[in-house]
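Please read them with the sequence and the model at hand.

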Amino acid sequence: MLSGRRLDLLDPSPLDIEIEDIAHGLARVARWNGQTKGDHAFSVAQHCLLVGAVFVHANKAATKAERRATLLHDAAEYVIGDMISPFKAVLGLDYKAFEKRLMAAIHIRFGLPPSDAALEAEIKKADQIAAYLEATQLADFALDEAEKFFGRPKGLNGDGFQQFLSLKPMPAVEAKAAYIKEFEALA
């Protein structure tokens, strides 16, 4: 890693995980395999920030720890990249086991419980809404097509909804800085 840490991918140690490495990697991993509108790729770092904003919009009383878990929900992708769920399924259990080990190490490193099914379900809802917004605003999906794959978003209404209506990919350096800033605010 750029921090100088050496991460053992088969047995990741929480001691070898740094937020700067996560932010750097996620800011350079393109969502939608880079097939989005704009001068820059919409990065996984931006996606995580969007999921966090959607999560807070729907869960106004969320704790900092819950928000930190949401920000880190795709953190393993700083090492393994962003793969679509159907492809992960084809790769099989070994891939999922690897991803789970890495996420467990990340959670330990940042003081989060290894697993919380209720929180993971809420994060997944926010993740699906974010995917719908990205698909329709950045990846040229028709509304009915996005609805078919991601469901019709629920819970995005009222005050603050407008922030989700104009997604714009940003340069990697800006995405990294925004990710670190949000993480530090939640530390």
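This is a predicted model: local features need pLDDT of at least 70, side-chain atom pairs count only at pLDDT 80 or more; totals for chains, interfaces and linings use all residues.

1. Asp-127 has its place in helix H7, and, when residues up to four places away in sequence are not counted, Asp-127 touches His-47, Val-51 and His-73.

2. The largest nonpolar core. As a general background, nonpolar side chains in soluble globular proteins tend to be buried together. In this model the largest nonpolar core has 54 residues, of which Ile-22, Leu-72, Ile-106 and Tyr-179 touch the most other members. At least two residues of this core come from each of the helices H1 (19-28), H2, H3 (64-71), H4 (77-80), H6 (93-109), H7 (117-137), H8 (143-150) and H9. The helix that gives the most to this core is H7, with nine residues.

3. The surroundings of Ile-22. Which residues is Ile-22 in contact with, once its neighbours within four places in sequence are left aside? The contacts are Ile-17, Leu-72, Ala-75, Tyr-78, Ile-106, Phe-110 and Tyr-179, and among them Leu-72, Ile-106 and Tyr-179 are, like Ile-22, named with the core members that touch the most others.

4. The packing of H2 on H9. Two packed helices are described by the angle between their axes and the distance between the axes. For helix H2 (residues 44-58) and helix H9 (residues 172-186), the angle is about 40° and the axes are 9 Å apart, which means that H2 is oblique to H9. The crossing of these helices, H2 and H9, is left-handed. On the side of H2 the contact is made by Ala-45, Gln-46, Cys-48 and Leu-49, and on the side of H9 by Ala-175, Ala-178, Tyr-179 and Glu-182. Sorted by class, the residues of the contact of H2 with H9 are six nonpolar, one polar and one charged.

5. The packing of H3 on H9. What is the handedness of the crossing of H3 and H9? The axes of H3 and H9 come within 9 Å and cross at roughly 155°, so the two helices, H3 and H9, are roughly antiparallel to each other, and their crossing is left-handed. The residues that make this contact are Lys-64, Arg-67, Arg-68 and Leu-71 of H3, together with Tyr-179, Glu-182, Phe-183, Ala-185 and Leu-186 of H9. By class, the contact of H3 with H9 has five nonpolar and four charged residues, with no polar ones.

6. The buried part of H3. In H3 the residues Arg-68, Ala-69, Thr-70 and Leu-71 are buried, and what covers the buried residues of H3 includes H2, H7 and H9. Two of these, Arg-68 and Leu-71, also take part in the contact of H3 with H9.

7. Loop residues with positive phi. Asn-33, in the loop between H1 and H2, has phi near 55°, a positive value in a residue other than glycine, and Asn-33 counts as exposed because its relative accessibility is 61%. Asp-140, in the loop between H7 and H8, likewise is not a glycine and has a positive phi of about 60°.

Notes. Residues are numbered from 1 along each chain as its sequence is written. Side-chain values use heavy atoms; hydrogens and water are left out. Axes are lines fitted to C-alpha atoms, for helices over the stretch in contact, and angles run from 0 to 180 degrees between N-to-C directions. Helices (H or I, at least four residues) and strands (E, at least two) are DSSP runs, numbered from the N terminus. Angles under 35 degrees count as roughly parallel, over 145 as roughly antiparallel, 65 to 115 as roughly perpendicular and the rest as oblique. A crossing is left-handed if the near helix is turned anticlockwise from the far one by less than a right angle, and right-handed if clockwise. Contact means heavy atoms within 4.5 Å. Ala, Val, Leu, Ile, Met, Phe, Trp, Tyr, Cys and Pro count as nonpolar, Asp, Glu, Lys and Arg as charged, and the others, Gly among them, as polar. A nonpolar core is a set of buried Ala, Val, Leu, Ile, Met, Phe, Trp, Tyr and Cys residues joined through side-chain atoms within 4.5 Å. Buried means under 20% relative accessible area, exposed over 50%, partly exposed in between (1.4 Å probe, protein chains only).
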